[in-house]
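Please work through each task before reading its solution.

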Amino acid sequence: MNHAIGLIETKGLVPLVEASDAMAKAANVEIIKRVQIGGAYLTTVVKGDVGSVRAAVEAGANAATQLGELVSSHVIPRPAEGLLDAYLK
């Protein structure tokens with residue numbers, strides 16, 4: 001199984017919570033981290049198989065856009081070994 005990580009960045013907590021909820025409901029993904037960047041910018045990171053992460057990020061981006069400000073969304077298929085440890089632990 002190919003694993004992937006997906007990221008949704010928003011301005012504000014409310015759109016991020018809505019996006020995270022939509023991602024969890026849309027596909028079989030695990031929410032692994034919330035990162036508070038500063039200046040009201042926040043990111044949620046999910047992981048799962050590539051197809052599920054793509055579906056989840058698309059649903060999350062749509063939800064965040066409807067409720068607030070989506071800054072960015074991205075999927076990284078097969079992240080390099082150590083990437084999660086380096087940036088998200």
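**Exercise 1.** Identify the residue in S3 that is the bridge partner of Val 35, and describe how S2 and S3 are joined.

*Solution.* The model is a predicted one. In this model, Val 35 has Thr 43 of S3 as its bridge partner. That pair belongs to the pairing of S2 (residues 30-38) with S3, in which the strands run antiparallel and 7 bridges join them. The two strands form a hairpin with 2 residues between them. In the turn, Gly 39 adopts a positive phi of about 60°.

**Exercise 2.** Determine how many bridges join S1 to S3 and in which direction the two strands run.

*Solution.* S1 covers residues 3-11 and S3 covers residues 41-49. Between these strands there are 9 bridges, and the strands run antiparallel. Thr 10, for example, stands opposite Leu 42 in S3.

**Exercise 3.** Classify the packing of H1 against H2 as roughly parallel or roughly antiparallel, and characterise the residues in contact.

*Solution.* First, take the geometry: H1 (residues 13-26) and H2 (residues 50-67) pack at an angle of about 150°, and their axes lie 7 Å apart. Angles over 145 degrees count as roughly antiparallel, and H1 is therefore roughly antiparallel to H2. The crossing of the two helices is right-handed.

Next, list the contact. Residues of H1 including Val 14, Glu 18 and Met 23 meet a set in H2 that includes Val 57, Gly 60 and Leu 67. The residues of this contact of H1 with H2 comprise 13 nonpolar, 1 polar and 1 charged.

Methods:
Residues numbered from 1 in each chain as written. Predicted model: local features only at pLDDT ≥ 70, side-chain atom pairs only at ≥ 80, totals over all residues. Heavy atoms only, no water. Axes fitted to C-alpha atoms, helices over the stretch in contact; angles between N-to-C directions. Helix = DSSP H or I, 4+ residues; strand = E, 2+ residues; numbered from the N terminus. Parallel < 35°, antiparallel > 145°, perpendicular 65-115°, else oblique. Left-handed = near helix turned anticlockwise from the far one by under 90°. Contact = heavy atoms within 4.5 Å. Nonpolar A, V, L, I, M, F, W, Y, C, P; charged D, E, K, R; others polar. Pairing = 2+ DSSP bridges.
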